[in-house]
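Please keep the sequence and the structure in view while reading.

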Amino acid sequence: MEYSLTWDLDIFFKGGSSSKEFLLFLDEINQEVQEFDRLVSKINSEENDEISLIQAFDLFKNLNMKSRQASAFIGCLEAQNVQDKKAGQLRIKQLKSVASLKIVVSKLDEKLVELDEVFFQSILNKEPLNELKYVLNERRERAKERLSVKEESLITQLSMDGFEGWSQMYDTIVGSMTIPFKGEALSVGQAANKFSDPDKNVRNELFTAWEQAWDEKSDLFARTLNHLAGFRLSVNEKRGWDDILKEPLEICRMKKETLESMWTVIAEHKEPLVKFLHRKAELLDLEKLSWADLDAPLAVTAESKVMDYQEGADFIVQQFSKFGTQLANFTQKAFEDSWIEAEDRPGKRPGGFCTSFPLDKQSRIFMTYSGTPSNVSTLAHELGHAFHSYAMRDIHPLNRSYAMNVAETASTFAEMVVSDAAVKEATNEEEKLILLEDKIQRSVSLLMNIHARFLFETRFYDERKQGYVSAERLNELMVEAQKEAYGDALSEYNPTFWASKLHFYITGVPFYNFPYTFGFLFSLGIYANALKEPSGFEEKYIALLKDTGSMKVEDLAEKHLGVDLTTRDFWEEAVIACLEDVEEFMRLTDPLVQKA
């Protein structure tokens, strides 16, 4: 069958942003939040009120799924059409219900803290709360480090028109932007795809227009970023949190030693990637690559390999089938049932994402499909996210909230399967070279680009503590971070990257950068196991995914891979493994450089 390039949202709520059915659903959530509040208020911690506590968590489970469903639907509406003002109004309405829910959850967490320790542990050892032992212990410990319910509730309420408001302002500004190019007004997403154009004049012209567009609004973006960071720093100060990494590491269920070991190993192994960037420059007949050349296809190839959507979909399913029937069958269903918004058209949000609709046990994937190797890999990446949700569909909903870093594991594993297969199945050396280069580009992105984001954000927060950081200074910080992360291998950098990268403006989590690198390297360990022992791999893989919502990542790695993430051994092995592609690339391109 021919796959649709647009997704089906009507299966959830008919009528898009004008859906009456969805408005009723939002009202239903608000009513249940009020009921939830009444139930939580009834819990008598002093009398060890077990029944009310069980009822409260049962209602919380249902409300959590409904809230995620509503957020996912609005997110899809906003992404498919950035001019959809009704979707923006729905988001404001939905965020108010989220704030109300957070306030009640804060009250519930306070009740957990007040419970007698012996009683609390006793109810966690019997049904129905025994399967939630990890997440309830986690909630209780985190609640101890928060402010009072009254103070946390005030923070939540103020964040709606402060913290969240600034994030929405960013989306509004980006949604109104166009990039002028050759007489056209390109959306940000359309323009971004042109950085992979084989013509360097096109790339350079586009990069100039791109930088100018973001620079023109840099003062607005700087104000937005400063207010987001200022709000977060103020909250941290009130809670007594001195380390800006405390919250992202807590969210990731990850030790600081693990993060430090990972970055230390990466920093020590940059040289092969620097050599790769220099070699690519030679092949493109350039003295040095600029930022605009990073995604350029190799000049040594006759033409870039492009797959239409149908071909790309079939290729992904075929490669997934080699690792397990469940992964392949799930992916086939996603294509057949129109789970994916892939059409290249104006008005779409840039980038890609996967979002879950827990009530229907479905996901939706957003991207702009162009058919290049990296674009096909992006589609596989998002399908990996969707499979992660699918693998957890039958476990308790409160055990499905997996951390950011492991969220990027299934996606990166799926991406790796497809990109590795493309290289191995190349019909000639020329095709193999371009596919190998595309695969290495992901290593460059995850070990260099993401590192630059982490360095920038760390330094930005340090300076923000002292006061407002201007757009000009943000540009300087970004270029300094990029030079360090890329080993000064480029001739020109992207000073306004801090403005164009959505991840810096996401309110739900700070430092939305290092989880990608963690997921990439962690998935290499999983992939290595799959290649060594393909028999029965899929069941072991699904077992690992199921545990991602109820374990610390160090325990997850120890249980399923038998490794210690706090030491450098695992990270060194993973980094060296991905650098093997660079060695192969250099070998294949030696004759081409010598010939020139």
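Four helices, α17 (404-424), α18 (429-464), α21 and α24 (568-595), each supply at least two residues of the lining of the second largest pocket, and the largest share, nine residues, comes from α24. The model is a predicted one, in which local features need pLDDT of at least 70 and side-chain atom pairs count only at pLDDT 80 or more, whereas totals for chains, interfaces and linings use all residues. Residues are numbered from 1 along each chain as its sequence is written, and side-chain values use heavy atoms, with hydrogens and water left out.

A pocket here is an open set of points on a 1 Å grid over the protein atoms alone, where a 1.4 Å probe fits and protein lies on both sides within 12 Å along at least five of seven lines; lining residues have an atom within 4 Å of a point. The second largest pocket has a volume of about 750 Å³, a volume being the space filled by probe spheres set on the points. Its lining counts 32 residues, and Leu524, Tyr527, Ala528, Ala577 and Cys578 lie nearest the centre. By class, 16 of the lining residues are nonpolar, five are polar and eleven are charged.

Helix α21 (residues 514-532) has 19 residues and reaches 28 Å from its first C-alpha to its last, close to the 27 Å expected at 1.5 Å a residue, where the expected span is 1.5 Å times one less than the number of residues. This helix is mostly covered, as 15 of its 19 residues are buried (under 20% relative accessible area, with a 1.4 Å probe and protein chains only).

The structure holds 49 aromatic pairs, that is, rings of Phe, Tyr and Trp (its six-membered ring) whose centres lie within 6.5 Å, and planes under 30 degrees apart count as stacked. Two stacked pairs are set out below.

| Pair | Centre to centre | Angle between planes |
|---|---|---|
| Phenylalanine 36 and phenylalanine 60 | 5.9 Å | 0° |
| Phenylalanine 387 and tyrosine 541 | 6.4 Å | 10° |

Phenylalanine 36 lies in helix α1 (residues 20-42) and phenylalanine 60 in helix α2 (residues 50-80), so their pair ties together parts that are 24 residues apart in sequence; both residues are buried. Phenylalanine 387 belongs to helix α16 (residues 373-391) and tyrosine 541 to helix α22 (residues 537-547), so this pair ties together parts 154 residues apart in sequence, and both phenylalanine 387 and tyrosine 541 are buried.

Technical notes: Buried < 20%, exposed > 50% of the residue type's maximum accessible area, 1.4 Å probe, protein only. Nonpolar A, V, L, I, M, F, W, Y, C, P; charged D, E, K, R; others polar. Phe/Tyr/Trp six-rings, centres within 6.5 Å; stacked < 30°, edge-to-face > 60°.
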